[in-house]
Amino acid sequence: MDIAALRKAHPDHWTQATAIRALAMDAVQAANSGHPGIPMGMADVATVLFSKHLKFDASVPDWPDRDRFILSAGHGSMLLYALLHLTGYEDMTLDQLRNFRQWGSITAGHPEYGHAKGIETTTGPLGQGIATAVGFAMAEEKLRAEFGAKVVDHHTWVIAGDGCLMEGISHEAIALAGRQKLSKLIVMWDNNDITIDGRVGLSDVTDQRARFASAGWHVLSCDGHDPSDIDRALTEAKSSDRPVMIDCKTIIGFGSPAKADSAGAHGAPLGEDEIAITKEIYGWPHGPFEIPADVLSAWRAHGARGAGERAAWADRLAALSGRKQAEFTRRIAGEAPSRLAGAIRALKKQISEQAPKVATRKSSEMVLEVVNKVCPETFGGSADLTGSNNTKTAGLGLFTPEDRKGRYVHYGVREHGMAAAMNGLALHGGLRPYGGTFLCFTDYARGAMRLSSVMGVPVSYVMTHDSIGLGEDGPTHQPVEHLAMLRATPNVHVFRPCDTVETAEAWELALTSTRTPSVLALSRQGLPTLRLAHKSKNQVAQGAYVLADATGKRRALLMATGSEVEIAMAAREMLEAEGIGTRVVSFPCWELFEDQPEAYRRKVLPAGPVRVAVEAGIRFGWDRWLYGERGRREKAGFVGMHGFGASAPAGDIYRELGLTPEAVAAKVKDLL
């Protein structure tokens, strides 16, 4: 690429793109850490996008009908930070760029959702951005069908690198987007042929253009350093009836004599001498973090370009009926509908009276039958396990290219892609996504589930077949360590309800959460209703509570979750019959119990009685409640899993592995 010719042919574009490159080089050098290559290579594409195509208003960054821009190649974060500063996002000051990757700055090494306006999602784990973008695009389609194109009509733009496309989640995302014909989704592939180890050919021979085309995408290409060619491709992409992948052929570290087109530009500062030489080649005679007034003015004009369109949109929103306007505002704000609490209370009362014995996966379906009628924002799905997860209720309709008003999506066997798409659906605003698979397959969804927690996105994960109780499918499908793994993750509520009443309360908490995702671990086997006395209060909100107390002197305290609460209750009957006063504590959510005041925790878990925890999972984590909170090591025990399960009927597995009321009672007596 002849830089001199490019500068001469497109002088204004060149200086604006160079501002991005210069800021990226300077910030990475100041931090002595970072990735300058992507900002230098994709600056031309980003400049054309932000100056001519992206619909946004930097002064109102949360405008609901803005285009979404997602930097899937999150290690190139200085590209995004430079764009936000140059276009005038108020919180992205020059000082923030100077403090790139430093304690207390909003300019983290990878873009972190919530740190700064204009960061639509956390990226960094490669592939997550492009997969999350699928959810953004699905949300746009769904809300446009519901509220009309006058108030919802925008694109989702993604910059993805070679690493994003190597990650397995990208295959799930690409296939899902192609099936759904998400025509407002445009992925710009930074095709620079470099990874950290060197040339892409060291590890990959995939024809990415053919790959996308085979999945139903419209594929375009452009010279990633020719603004006219970039403009042509972006313009064509916006008129497609399918998702679009644009192959942007670029040079990583563009302009650096020593490091361009090599892994040397990927993950380390260029060095002060190389920066000086590169700036001279650019024709950029400015010091670190210096942006000429005319260049900054041009960029600020780009940032204000969408103000008129936003104002016109506000007028169109105001023209909607009062009811529809209020509903749109409520949905975008993420506020629960006023009828939800009453609907949950009525269902709880009904269940306490009828006392059905059903699997909690069926309990969840019963709750969703009620919830989905009063919460039009719920958007369900399953990773090819709809009949097993019980996630589809009557009247939802399927979300398809033919019917965008549908509220249920078949994700296919794509647990990871589903989880990432749900993150995007939630981040977009206006929808409350939930999706199901088996609890064991949280292993497959883990990367995106972790980002739900990191970002504080209230996604609901319906994870059924939660223990050895699933029976004959055997150890490959029986989760034993998964509850511990999920509980070890910060900022996630892990609910394991014991009956339909607790399931209803868990769903109420999940659907009213604002900053925490929820996992509902649900049984395959039928469980009795244990909450027979109706209470309006949401007891699951306390995390743990006394389900049944000792009739005489309290000598034993049994703690259990989910299907094992029934076992604990049966053990209590045996012990009480022998004169051993026994309290049973249902423990549906550790995290919420931990948040309770000390006085409440002391009331539920007093000093004195021997303690036994019962759960069809590994012991890891239970010692917090067995030894801590006034417990004693020598007076505490665990009845649960110490290895993997087996393939057999559920009752046989429980009996052979010693998860029985008799075993629990015997453990108590041994401790006494």
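Arg209 counts as partly exposed, at 38% relative accessibility (buried means under 20% relative accessible area, exposed over 50%, and partly exposed in between, with a 1.4 Å probe and protein chains only). Its side chain forms a salt bridge with Asp247, with the closest N and O atoms 3.6 Å apart (a salt bridge is a side-chain nitrogen of Lys or Arg within 4 Å of a carboxyl oxygen of Asp or Glu). Please keep in mind that this is a predicted model, where local features need pLDDT of at least 70 and side-chain atom pairs count only at pLDDT 80 or more, while totals for chains, interfaces and linings use all residues. Residues are numbered from 1 along each chain as its sequence is written, and side-chain values use heavy atoms, with hydrogens and water left out.

**Salt bridges**

- The count comes to 41 salt bridges by this rule.
- Helices (H or I, at least four residues) and strands (E, at least two) are DSSP runs, numbered from the N terminus.
- Asp247, at 7% relative accessibility, counts as buried.
- Asp261 and Arg199 also meet through their side chains in a salt bridge, at 2.8 Å from N to O. This pair links distant parts of the chain, 62 residues apart: Asp261 is in the loop between β7 and α11 (272–282), and Arg199 is in strand β5 (residues 198–199).
- Asp261 is partly exposed at 34%, and Arg199 is partly exposed at 36%.

**Glu629 and its network**

- The side chain of Glu629 meets that of Arg624 in a salt bridge of 3.6 Å, N to O. Salt bridges that share partners join Glu594, Glu598, Arg601, Arg602, Arg624, Glu629 and Arg630 into one network.
- Glu629 is buried, with a relative accessible area of 12%, whereas Arg624 counts as partly exposed at 34%.
- Glu629 lies in the loop between α25 (623–626) and β20 (636–641), and its phi is near 50°, a positive value in a residue other than glycine.

**Positive phi elsewhere**

- Most residues other than glycine have a negative phi.
- Asp193 has a positive phi of about 65° although it is not a glycine. It lies in the loop between β3 (185–191) and β4 (194–195) and counts as partly exposed, at 27% relative accessibility.

- Strands β6 (residues 218–223) and β7 (residues 244–249) run parallel and are joined by six bridges (two strands pair if DSSP finds at least two bridges between them).
- Leu220 stands opposite Ile246 in β7.
- Together with helix α10 (residues 227–237), β6 and β7 make a right-handed β-α-β unit. Right-handed means that, with the strands pointing away from the viewer, the path from the first strand over the helix to the second runs clockwise.

**Helix α14**

- Helix α14 (residues 322–333) has twelve residues and reaches 16 Å from its first C-alpha to its last, close to the 16 Å expected at 1.5 Å a residue (the expected span is 1.5 Å times one less than the number of residues).
- Glu327, Phe328, Arg330 and Arg331 are buried in α14. Seen down the axis of α14, its buried residues fall within an arc of 165°, so they line one face of the helix (the arc is that of the directions from the helix axis to the C-beta atoms).
- The cover over the buried residues of α14 includes α6 (128–147) and α13 (307–318).

- In α12, the buried residues are Val295, Trp299, His302 and Gly303. They cover an arc of only 100° around the axis, which puts them on the same side of α12.
- The buried residues of α12 pack against α2 (11–31), α3 (37–53) and α4 (77–87).
- Ala293 and Asp294 are exposed residues on the face of α12 turned away from its buried side.
- Gly287 is found in the loop between α11 and α12 (293–304). Leaving aside its neighbours within four places in sequence, Gly287 is in contact with Asp26 and Lys279 (contact means heavy atoms within 4.5 Å).
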